[in-house]
Amino acid sequence: RKYIWKLSTGSKNLDEILGGGLESQSVTEFAGMYGSGKTQIAHQACVNLQCPERILADDSIRDEFLNEPKAVYIDTEGTFRPERIIQMAEALGLDGKDVLNNILVARAYNSDMQMLYAENVEKLIRDGLNIKLVIVDSLTSTFRTEYTGRGKLAERQQKLGRHMATLNKLADLYNCVVIVTNQVAARPDAIFGASEQAIGGHIVGHAATFRIFLRKAKGDKRVAKLYDSPHLPDAEAMFRITEKGIHD
Ligand code: ATP
Ligand code: MG
């Protein structure tokens with residue numbers, strides 16, 4: 001079994017509650033309201049993948065990152081912004097164009113396309129692409145609009161479960177970091193009390209190893225809460241979103 005490696009989020013505080021960073025061989029879910037920073041974290045992860053100091057890896061697998069590791073960004077909401085990648089890259093002294101060239105953006109207009117893109121990542125890897133990061137932003141938006149009403153709930157959960165299984169397999173088999181985002185209408189009370197409102201609640205909950213809830217704080221500050229991790233304590237971290245990207 002290959003060594004797990006970790007990818008920095010850009011925030012030391014957030015990395016710390018994750019046990020060092022975003023972990024390979026796992027799916028990490030970022031949930032939160034609009035503007036809480038899910039897409040920004042996803043963009044920053046793509047940039048950090050090109051920054052050797054932001055990768056924590058054992059010597060035995062370090063060479064996997066020398067040959068321009070690739071990120072796949074499955075974009076279901078049309079919110080991927082090349083200019084933002086360039087801005088974050090330049091803040092780290094990286095060439096923006098080089099970073100962009102190592103991100104494969106796939107715009108998914110419905111859940112079938114989204115699922116297909118995720119399934120096709122395996123083929124790209126087998127064809128020789130050094131894919132080390134897979135992002136689905138957002139995991140749930142297509143399912144939410146296509147499967148409305150109680151009658152569709154079982155089918156939706158089943159498909160979402162299958163999609164998550166595909167992502168978990170990619171993470172596991174190819175030692176990738178996988179990030180999914182999940183917009184919630186309000187603070188899911190499961191984290192703070194009563195019943196959960198996050199769509200896909202149980203399925204996602206049981207399939208994502210790390211779950212982080214993001215909330216807005218004052219100005220550019222955000223609070224991340226890690227919860228229900230199998231081996232890490234629940235914990236909170238403060239980070240900021242500025243023109244430079246994600247940092248403490
Ligand atoms: P949604 O659920 O609507 O997709 P989200 O959680 O993905 O929301 P983001 O798009 O990640 O939210 O965060 C948007 C916020 O990030 C903006 O409100 C702004 O505060 C901050 N932001 C985005 N771009 C920049 C930038 N270039 N400079 C500074 N802050 C920025
Ligand atoms: Mg977003």
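## Ligand 1

In this predicted model, a polar side-chain atom of Q87 lies 3.0 Å from a nitrogen atom of ligand 1; a polar contact is a pair of N or O atoms within 3.5 Å. An oxygen atom of ligand 1 is 3.3 Å from a polar backbone atom of S36, and an N or O atom in the side chain of R222 is 3.4 Å from an oxygen atom of the ligand.

Around ligand 1 there are 16 residues, of which G35, K38, T39, Q40 and Q183 come nearest (a residue counts if one of its heavy atoms lies within 4 Å).

## Helices α2 and α4

Helix α2 (residues 38-48) and helix α4 (residues 82-91) have axes that come within 9 Å and cross at roughly 55 degrees.

Q40, H43, Q44, C46 and V47 of α2 meet R84, I85, M88 and A89 of α4, contact meaning heavy atoms within 4.5 Å. These residues divide into five nonpolar, three polar and one charged.

## Helices α6 and α8

Helix α6 (residues 111-126) packs against helix α8 (residues 153-174) at an angle of about 20 degrees, the axes being 10 Å apart. That makes α6 roughly parallel to α8. The crossing of α6 and α8 is left-handed. By class, their contact has eight nonpolar, three polar and seven charged residues.

## Basis

Residues are numbered from 1 along each chain as written, with chains lettered from A and ligands numbered from 1 in written order. Local features need pLDDT of at least 70, side-chain atom pairs count only at pLDDT 80 or more, and totals for chains, interfaces and linings use all residues, while side-chain values use heavy atoms, leaving out hydrogens and water.

Key. Axes are lines fitted to C-alpha atoms, for helices over the stretch in contact, and angles run from 0 to 180 degrees between N-to-C directions. Helices (H or I, at least four residues) and strands (E, at least two) are DSSP runs, numbered from the N terminus. Ala, Val, Leu, Ile, Met, Phe, Trp, Tyr, Cys and Pro count as nonpolar, Asp, Glu, Lys and Arg as charged, and the others, Gly among them, as polar. A polar contact is a pair of N or O atoms within 3.5 Å; within protein, one must be able to donate a hydrogen and the other to accept it, and residues adjacent in sequence count only if both atoms are side-chain atoms. Angles under 35 degrees count as roughly parallel, over 145 as roughly antiparallel, 65 to 115 as roughly perpendicular and the rest as oblique. A crossing is left-handed if the near helix is turned anticlockwise from the far one by less than a right angle, and right-handed if clockwise.
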